[in-house]
Amino acid sequence: MKESSKFKIQSSKLTPVAVLWDESFLWGVMAYKALKAGRLSFDLIRSEDIRKGRLKEYALLFVPGGWASNKLKALGDDGAREIKRFVHDGGAYLGFCGGAGLATMDGIGLVPVQRRPTKERVPSFSGRIELTTSPHPVWQGISESVFHAWWPSQFLVDGSVSVLAAYGQAMPDSFSSDVNVGDVEAVGSWPELERVYQINLDPKRLLGEPAVIEGRFGAGKVLLSLVHFDTPDDRSGAAMLQNLWKYLVPNAECGMPPIETFEGRLHADRGMHDEQTTNSELVVELEEAINDLIALGRRNFLWFRRNPMLLQWRRGVRGLEYCTLYVMVKEVSELLKRQDREPGAPNPAGNLIRIRELLLPFVEKAKHLLVRERYAMQNEHITYERCDDREIQALREELFSRMKSHGGLFKEVIAEVDRLLFSAMVRR
């Protein structure tokens, strides 16, 4: 199908790719770092920019991971229509995990694909997994087809889309919920564990399921992946990102000189020593608080580190939320510690004070919750949403609400951190 000339023109721009930041949080930071490390040109935009028609400036919209339902809510009807118009007229859409889910019939509806119901999925798989690939330009030069999936959904597809890759064998170092795959394969029993956990755990249930698909919407390409090619320290994933940029935006710049460092994008008010000192003290206080929270979880055997950005947690605690908060607060800390002087840059003191007002109470209550959850694990079978202890349930509702996609005080504090990070990263 012939592409719109509008997008052929735009694809020659220095930054032909827009990355939708809203409701990505940890996954947005992961994508940002991977694209920067790959020297791939891009702009960060928000749903508001899309509603204002800014997609006409780009040839590709990349949507990182995160809750698809929250992304759809942030976009609103007008934002969803703008994306559909953009792709229909010849723009390209790339989505990873939650960003892929946004494009399905459960979201915007760019491709006739649905997500498999939770009860039919392996809902808590994470880690390295082989892919069985089909001939396609995006696999050019990829010598090892082992990539990372992080708690993905699963697709239900028909013949109108192309399956570029299907799931193969899970690697021994991967996990299903908090169970190591290699250990179970060696000495355990998946059926027995599934009876205890009351969810599907056996990664063999993923065999042959679509992992990367491509479809068309009008004149535009839609490429969706349930694996994260933006995972830290993944050479094959980094090569895949280069291929995706070349395929979806043929004239895009790849291998450019590094864009301005993440740490150099935010600067305190210049020439005001007292304000700099105040900001430094605030940052130290925030970092100490989040470090204490992560240390508590570690010494109570509630989680350990999987890679530079992700924890592995025990079933029964909301580890992803704590991990997300940790990563994003640490990013703010690094920005302000390594800042260079830049006249006229905004002073983030107000943002930091507001974050402190929200973060410190959250951390103290979260510590109390985590210890109680640790004890509850010894007495009963609990999940992140189910526990007979009334105090635990009350704390969970206050901190996260009853929504699986999080709310409560966590949502308030992460939104403040998110605003500060975005304002830092878009500065040139």
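Trainee: What makes Trp67 a residue that lies nearest the centre of the largest pocket, and how many residues line that pocket?
Mentor: The lining of the largest pocket has 47 residues, and Trp67, Pro123, Ser124, Trp151 and Lys404 lie nearest its centre. A pocket is an open set of points on a 1 Å grid over the protein atoms alone where a 1.4 Å probe fits, with protein on both sides within 12 Å along at least five of seven lines, and a residue counts as lining because it has an atom within 4 Å of a point. This is a predicted model, in which local features need pLDDT of at least 70 and side-chain atom pairs count only at pLDDT 80 or more, whereas totals for chains, interfaces and linings use all residues. Residues are numbered from 1 along each chain as its sequence is written, and side-chain values use heavy atoms, without hydrogens and water.

Trainee: How much space lies in the largest pocket?
Mentor: About 1,300 Å³, a volume being the space filled by probe spheres set on the points, which are joined across faces, edges and corners.

Trainee: Which element supplies the largest share of that lining?
Mentor: α10 does, with four residues; helices (H or I, at least four residues) and strands (E, at least two) are DSSP runs numbered from the N terminus. α4 (68-88), β15 (310-313) and α10 (319-337) each supply at least two residues.

Trainee: And what gives the most to the lining of the second largest pocket?
Mentor: Again α10, with five residues, in a pocket of about 490 Å³.
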